[in-house]
Amino acid sequence: YWLLPDGTEDIQWMGDYPGVYSFRQHQIGHKNTYVVSFMTGCVHRCSYCNNWARYLKYRDICGNKAPRVRYKTPERMVEELKIIKNHHRVKFLFIADNDICIRSLEEIREFYMLYKEVIGLPFYAMASPDTLTEKKLKVLIAAGLVELNVGIQTIERVNANMYNRNIKDREVLDVTQMINRYVKQAKLDVFYDFIFFLSLIHISEPTRPLYISYAV
């Protein structure tokens, strides 16, 4: 791993680090954090994302049978986390899957049963408004979810025409209102990712998109 500490421009080589470090994602920082991912690819086809671009390249080579996403079973996830927990002083898990909620409710429930019994650590995860449901959220919170990151991007028209995200504004509002109840009830920290195009008068093309996270 290479690490860029806060407030510096000096990248540090972490090749010999003991497995965990103080990891800062958005506004919340946690000591003894272990970053892990159990999936590759993504079910979404966001035009701005390298996952979609890599899939298109992969499909050109392997044909239409190339899977858009692959992810590990709940048993395999907990098996790997058990090894990590036994070998490192882990206090917090950063699950870097692009969207943990592409899994079915049954899979998430199975993960909860195994994770709660064997691992029992608080964790961070990412989801999308069109995959997250209240039933899935309740199970994830029961498992140990304390930080949730949800990508909203921008308004319905731009999402559909520019970003290949076909989700209605009303759907986004309904999901965020649902999440907000658990912000209060379960003390869940939630981060919403927006994309803003910044442009100047008389400039024909917009600048690079600015990614902003808004914490609730």
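This passage covers cysteine pairing and salt bridges in a predicted model. Local features need pLDDT of at least 70, side-chain atom pairs count only at pLDDT 80 or more, and totals for chains, interfaces and linings use all residues. Residues are numbered from 1 along each chain as its sequence is written, and side-chain values use heavy atoms, with hydrogens and water left out.

The structure contains zero disulfides (a disulfide is a pair of cysteine sulfur atoms within 2.5 Å). C42 is in no disulfide; its nearest cysteine sulfur, that of C46, lies 6.3 Å away. For C46, the closest cysteine sulfur is in C49, at 6.0 Å, too far for a bond. C42 is buried at 12% relative accessibility, and C46 is buried at 7% (buried, under 20% relative accessible area; exposed, over 50%; partly exposed, in between; 1.4 Å probe, protein chains only).

Seven salt bridges were found across the whole structure (a side-chain nitrogen of Lys or Arg within 4 Å of a carboxyl oxygen of Asp or Glu). K72 pairs with E80, with closest N and O atoms 2.8 Å apart. R76 also forms a salt bridge with E80, at 2.8 Å. R76 and E80 are four residues apart in helix α2 (residues 74-87), so about one helical turn separates them (helices are DSSP runs of H or I, at least four residues, and strands are runs of E, at least two, numbered from the N terminus). E80 is buried at 18%. K72 is partly exposed at 29%, and R76 is partly exposed at 42%.

A further salt bridge joins R181 and E134, with closest N and O atoms 3.2 Å apart. R181 lies in helix α6 (residues 169-185) and E134 in helix α4 (residues 134-143), so the pair ties together parts 47 residues apart in sequence. Shared partners link K72, R76 and E80 into one salt-bridge network.
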